[in-house]
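Please examine the sequence and the structure shown here. The paragraphs below them concern contacts between side chains.

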Amino acid sequence: MTGRSIWRAEGRTLADKGWVPLRYWLIWGTGLVIFVPLFYVILTPVWIGLRWLAWAAEFRARRQP
């Protein structure tokens, strides 16, 4: 059962929960600005480089008699 259907079963709506404070939106937005570039711009090339090194090591190991 999803969270939404639980609320309906209790006779409440999601509007009963109220607004999300602005500070939480600011924290969320700041986190996105920091962590999206961190993971997609910095860590992805690192991960691809490690995968390339593993592939090269495996290729070299198979060529050895």
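The model is predicted. Side chains of opposite charge can pair when their charged atoms come close. The structure holds one salt bridge. Its partners are glutamate 58 and arginine 62, whose closest N and O atoms are 2.8 Å apart. A salt bridge is counted within 4 Å, so this contact qualifies. Both residues belong to helix 2, which spans residues 22-63, and because they are four residues apart there, about one helical turn separates them. As for solvent, glutamate 58 is partly exposed, with a relative accessibility of 42%. Arginine 62, by contrast, has a relative accessibility of 65% and therefore counts as exposed.

Helix 2 also carries tryptophan 55 and phenylalanine 59, again four residues apart, or about one turn of the helix. How many aromatic pairs does the structure contain? The count comes to one aromatic pair. The ring centres of tryptophan 55 and phenylalanine 59 are 5.7 Å apart, and the pair is stacked because the ring planes meet at 15°, under the limit of 30 degrees for stacking. Tryptophan 55 has a relative accessible area of 51% and is therefore exposed, the threshold being over 50%. Phenylalanine 59 is partly exposed, at 45% relative accessibility.

A further contact involves a charge and an aromatic ring. The charged end of arginine 23 lies over the ring of tyrosine 24, at 4.9 Å from the ring centre.

How values were computed: Residues are numbered from 1 along each chain as its sequence is written. This is a predicted model: local features need pLDDT of at least 70, side-chain atom pairs count only at pLDDT 80 or more; totals for chains, interfaces and linings use all residues. Side-chain values use heavy atoms; hydrogens and water are left out. A salt bridge is a side-chain nitrogen of Lys or Arg within 4 Å of a carboxyl oxygen of Asp or Glu. Helices (H or I, at least four residues) and strands (E, at least two) are DSSP runs, numbered from the N terminus. Buried means under 20% relative accessible area, exposed over 50%, partly exposed in between (1.4 Å probe, protein chains only). Rings of Phe, Tyr and Trp (its six-membered ring) pair if their centres lie within 6.5 Å; planes under 30 degrees apart count as stacked, over 60 as edge-to-face and the rest as tilted. A charge sits over a ring if NZ of Lys or CZ of Arg is within 6 Å of the ring centre and within 35 degrees of the ring normal.
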